[in-house]
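Hi,

Here is the structure for you to look over. My notes follow below it.

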Amino acid sequence: MSTARIVAADRNLINEVASSLRSVERDYSSTIVVFPGKRPAHFLRKELANRAKGAIIPPRIYSFDLFVEYLFRDLLGGSQKLLDPLDAVALLYDVHLRLAGSLGGDAYRSFDQFLPLALRLIPELEEVTLADATARKIREGLRPVLIPKFHSLADYFEAFYQEVADRGFVTRATMTRVVADGLAGLDVGESGPVILAGFYAFTNAEGRIVRQLLEREQFSMIVQSGPGLKSQLAQLGIEAPEATEESPARNPAVHFHKSPDIHGQVAALARLLQQRVQSGESLDERIAIVLPDAASLFPTYHGALSLFKDDQFNIALGYPLDRTPICGLFMTLLELASETREAKFTPASYLRVALHPYIKSIRLKDRTDLTRMIMHAVEVHLQEYSLGMLFRLEDLEQHPGVLKTATAAIRSVLPEVMEDDVSVHLKVIHDRTIRPFLSCESLGVFADRATDLLNFIFDESTARYHPLFLPYAEEMVTLFERMKSSLLSAQRFSTPQQYLTFFRHAVKEHSVPFSGTPLRGIQVLGLLETRNLRFDTIYMLAVNDDVIPGKPGQDMLLPQKIRRMLGLETHTERERLKEYYFALALSGTSEAHLFYTEREGGREEKSRFVEKLLWEDQKRRGTTLPSEREFTVRYRVNLSNPEPGAVRKTDEMIAKFRNGHWFGASQLDDYLRCPLRFYYRHVLKLSVRENVSDEIDRTVIGTLVHDVLKVFFESACNVRLNRTHLDEERLENIIDTVARETFGKALPIPIQLSLRQVSRQLRAFIRNHQMSLIGDQEVVIQDLEKRLQVEKDGYRFAGRVDRIERRGDRLFILDYKTGNIRDSGRIRAEKIDPEDTSTWQKGIGSLQLPFYTLLYAQAHAVSPEHLSPRYLHLGRNKIDEGIEVGMSIGGGADTEAYRFVEPLIFKMIDEIVDIGRDFYRTSDLTANCPVCPYQMICGTHWMKRRDH
């Protein structure tokens, strides 16, 4: 029987294998070399070519999986098709429906419900097979288990693999079992020697194959010493010397880098690589960046590798397909289809699709900017829709406002474009992107339509020029082709939500390989890709305990106890495997840098393997103090927060405000809060962009309440208000009518809930305030939503008053407020120094009521003493007479407050038109900046509210 040759952990396994090979005139083809993975083949071929100083005929090099397949097909004559994972799901679902004691009972009867379970169960059934288990052994092993739901595992095992065989398929696990059973008497290495190199652990079925092979003279094994190897060799019947697990004679210089996050790790990595370049050291394949967590690939790619040319590094691990922009597009499309109600959409879900970079870059007249103009017009239009407003695609394609706005913008750069062109283009986008996914007859049809969409995006947009679009698209097309050709192709889902569920799970199984020259430049690898390879320098990121070794049972369906009973790999064995390859990766290096994140509270901790290295270093140094090889990554951040500078006024600005400008209450309130805010909104005309959302907005409710009250009280104008005018049933009808005119006939649940609250508040307003009011005095409503325009002291003023009414011999100017802030907008005269503008906003909540008083008094030549301006706080929890408040707070009369504030209004406007007075920042940043929509322009987004 052959034995394993054990080499030290710090030796180069590729060199050891190369030294074991014999050639005939540079021809190694009679030899077979088997590694655990595929990557060492590149290094072995290069090493042999370097030794020969020229071209060679390399040995036949296999990964273990491909070697087993070679034995199965070429030597045993196996012809069954390897079962695709999607086909496996289909077969397991058929089995699931037939079994009497199926997992989950009726909870997993539909395919979309069963899919997540299937994707976890199939790999574990494969593990059971590789463990050489039988249905009888599974039943016997599970008999003492007190968890009934796992007792049907043997039935699934038996029925599934019988179904696989009956359908003419073979899985990786059954292929391995067939080879293990059929090796006896088979001449495997008839043409030359076979070397198994760099292995650590085998399943039971794999172990049977290896034991049988090692009984033959032409087979040999080369392994490297490391943690746990001795017990693994013992399972193969190989007795290893005591020194098998000893540390290597050469200890690499290991550096430890602690960072607050992955971006700090990447920044430190980039700095170290730059230092190598500056010192004249080469960046070649002897350097490896090891990424145990694929999530750190893109931060590394953009933050460190972007410093170098593409041919200076090679990425050898895949990026998860479900994190790509293409996947994001399909997810938003299917979410949109899932949220559709009677072929209608909400603005927010539609815009998530329409504003995707791949969609808004679709060409019109060979230009992509035109589509962006169209989508901007659509977005502006949908911003006018309130929460829950549903619309059809046809509504957008034919909407006069959308077409007119988009066409006007486009014709400024391309005059020949007409509204019909915009309408047709919008329809084409909808026809090719959204409508195909609203209803699919089967998974195969879905796959066809998804492929068509990718072709459309490729042909008609600039997506092909986006970084990495092509590899993402190719991998996605491969997935869709597999769906189309799989046994699931005819599977039909009843709702788009089920297609979304399937797609979300299916795409998780795929990653996007990066193209590159395998042995050129810095090697970027996962931890397992370092198996059997040696590098002079290693940079390993995300060496945290939840990554290496990882959380126990994170991706396992069967509990650890049951896995142990069935002879499956447990988390402990997984940890040993990762520890072995971790130790091996460091052993052959001369220098290693380990990066990890540590945060207070134990939310993230360094790997236990790093803890072990640190402890060994402390023992060697005889102290627990940090060594010179421990570093803390620190950001050089300038924590001084800049304050916005002033903006100088121009003659054009002053001319605008002096000639024909109408000042309004909101303008003056903006200036009161912050002159810079006034400048952005009313000088530069930078409109505040409202995000279209499915969440309810207070302004939506406020507008609805104003509209309802206007309609409700219109019939009571200029007559004495009485009980017939205050009919609550009529109020309900008006609320319903206004809501359906605003939101559409089919009111979504969020809108219905909001309307209930509106109804409750307005009913209380009618019952507890208005009824009480008319019982005490004569009330006559004179105007609703009254527009007033006046001129005084050379300035023009304009505004709209919610309600003007006469109570007895006194006029009341009423302003509805739907918020719940008790003293919002009121005046505290005692806090105001007329000569110190910084005190004005402390004492003036809003100039709205004083402004309305000014408008009405000037328009009707009425003394302010005869006017009573009031807020009606309709959003209060308790609705009664107390919701009506005047402009003054603290006991002062409204007339006194008005007389005090009116001069300030004109001083404020004088300041606005004073060219010598810049637009300056607010005097109270903490009160005004956190709620200002222009804080990103000013750079005050760091400012937090006082109450925070």
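**Cavity**

The largest cavity holds about 40 Å³ of space (a set of points on a 1 Å grid over the protein atoms alone, where a 1.4 Å probe fits but cannot get out; the volume is the space filled by probe spheres set on the points, which are joined across faces, edges and corners). The count is 1 cavity of 30 Å³ or more. Its lining is Phe64, Asp65, Val68, Arg172, Met175, Thr176 and Glu206 (an atom within 4 Å of a point). Helix H3 (64–75) and helix H8 (172–182) each give two or more residues to that lining. By class, 3 lining residues are nonpolar, 1 is polar and 3 are charged (Asp, Glu, Lys and Arg count as charged; Ala, Val, Leu, Ile, Met, Phe, Trp, Tyr, Cys and Pro as nonpolar; the others, Gly among them, as polar).

This is a predicted model: local features need pLDDT of at least 70, side-chain atom pairs pLDDT 80 or more, while totals for chains, interfaces and linings use all residues. Numbering starts from 1 along each chain as its sequence is written, and side-chain values use heavy atoms, without hydrogens and water.

**Sheet**

Five strands form an open sheet, ordered E1-E7-E6-E2-E3, with parallel pairing (at least two DSSP bridges per pair; strands are DSSP E runs of at least two residues, helices H or I runs of at least four, numbered from the N terminus). E1 (4–7) and E3 (60–63) are the edges, each with a single partner strand, so one side of each lacks a neighbour in the sheet. E1 joins E7 (residues 219–224) through 4 bridges. Alanine 4 sits opposite methionine 221 in E7.

Definitions and conventions
On a 1 Å grid over the protein atoms alone, a cavity is a set of points where a 1.4 Å probe fits but cannot get out, and a pocket is an open set with protein on both sides within 12 Å along at least five of seven lines; lining residues have an atom within 4 Å of a point.
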